[in-house]
Amino acid sequence: MPPQQLDFRTNSRSGTDRKIAVVLGGGGLKGFAHIGVLAALREKGIKPSVFAGTSIGSLICAAAAAGMPMEDMIDHAKSLRRRDLFRINRLGMLLERSHAPSIYQAGPLRNVLESIVGNSTFGDLDTTLLVNTVDLQRGSPVVWGLPGLKDVSVLDAVYASCALPGFFPPGDVAGRSCVDGGVIDNLPTSVASQGMDAVIAVDTGSSSLVTEREIAHQGFTAIYMRAATTMMHALQLSPLDHWAGPPMILIRPRVSHIGWFSFSHTEELIDAGYRAAMAALADFDACLSAEGGIFPRHPTRISVDREKCIGCTICVALAPQLMEMDENNKARPRMPIVDWSPADGDFVHHCPTYAINADFAGSNDHENQPQSSDAKTPEEREERLEAS
């Protein structure tokens, strides 16, 4: 069924003064899915008041805030090649050894960013842009574009936000040594939501933790990125679980099967972002009318395979409001059907024996669904998780 037409009218506010923040997370080249999301927003007539991003999300936000046409964004994404970004810092590693700041040189990445964002300051932009970074010396977040932090180069801030520690040297932004904001917050929804009527957040880098059985043998880069993804996933749980801001549409495109630095899936990523956004925006009316919460929401059936359950109690520890142990020390749901958003149900993934299943009840919408499976073996379950 096609997404319903959006109606910005609500009980108390007209559609013309709605303030929408779009927040785009990091995730390496998986972030090309953000372009598809922006295409869907444009098709639906949604004009954001604020763009906020981390890493590649900050780059695409900067391009959007500066008014770059969608066709140009797509062309830039399709034309990008590995040699455009990654040039090994051979001299630094030879001369400085363990004191070298990074594996790769800053120049190629900075040149790519400059070709997209130019040399403007935040104050030059007509649309509010927020770029999330971490001050490496203080160990604290710095969001450029906020009041008092606008008279700086957008290019400097975006480079710093893309400077994954160890891969690229830290960036200097107004005298601060800054790195990728994903170190602390990969999806800066809280700061972007201030004064907004709704938030549209897109998570491409930390939404799925499908099992990687051979990760220990895939080399430094794969191990590092797996650890980074795990860290970002864990950091993202609490802000979403305790979300108290305006209503949020949370979009999680299906990109878990694509590597952070894969250059051969650009069109697939853009399409995945577009499809996930169109599916999620079917709930936009309900989102705008709500006092708060995370959308889309769907009835979800929780079940436990008693033969697989070993009574470890992990699910009860992680989700005591949803799970309990019965008289035989087997896990069981307190409520068989719950109303879930894409942010819910992470405890299902942590069951060590794959005993817990979470399946949508009465919905044909398979985009933006929580991870779940009714597979009979761990291998089947992982295949189902990756597909969903």
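Aspartate 344 is partly exposed, with a relative accessible area of 22%; partly exposed means between the buried limit, under 20%, and the exposed limit, over 50% (1.4 Å probe, protein chains only). This is a predicted model, in which local features need pLDDT of at least 70, side-chain atom pairs count only at pLDDT 80 or more, and totals for chains, interfaces and linings use all residues. Residues are numbered from 1 along each chain as its sequence is written, and side-chain values use heavy atoms, with hydrogens and water left out.

**Around aspartate 344**

Aspartate 344 sits in the loop between β13 and α13 (346-349). Helices (H or I, at least four residues) and strands (E, at least two) are DSSP runs, numbered from the N terminus. Leucine 237 is 107 residues away from aspartate 344 in sequence, but the C-alpha atoms are 9.0 Å apart in space.

| Side chain | Backbone nitrogen | Distance |
|---|---|---|
| Aspartate 344 | Serine 341 | 2.8 Å |
| Serine 153 | Leucine 155 | within 3.2 Å |

**The sheet**

Strand β13 belongs to an open sheet of three strands, in the order β13-β10-β14, with antiparallel pairing. Two strands pair if DSSP finds at least two bridges between them. The edge strands, β13 (337-340) and β14 (356-360), each pair on one side only. From one strand to the next, the twist averages 35°. Five bridges join β10 (residues 298-304) to β14 in the antiparallel sense. Isoleucine 302 stands opposite alanine 358 in β14.

**Helix α7**

Serine 153 makes its contact at the start of α7. All nine of the nine residues of α7 (residues 154-162) are buried, so the helix is largely enclosed by the rest of the structure. Among them are Val154, Asp156, Tyr159 and Cys162.

**Helices α1 and α3**

The axes of α1 (residues 33-43) and α3 (residues 70-79) come within 10 Å and cross at roughly 165°. That makes α1 roughly antiparallel to α3, a term for angles over 145 degrees. Axes are lines fitted to C-alpha atoms, for helices over the stretch in contact, and angles run from 0 to 180 degrees between N-to-C directions. Ile35, Leu38, Ala39 and Arg42 in α1 meet Met70, Glu71, Met73, Ile74 and Ala77 in α3. Contact here means heavy atoms within 4.5 Å.

How values were computed. A polar contact is a pair of N or O atoms within 3.5 Å; within protein, one must be able to donate a hydrogen and the other to accept it, and residues adjacent in sequence count only if both atoms are side-chain atoms. Angles under 35 degrees count as roughly parallel, over 145 as roughly antiparallel, 65 to 115 as roughly perpendicular and the rest as oblique.
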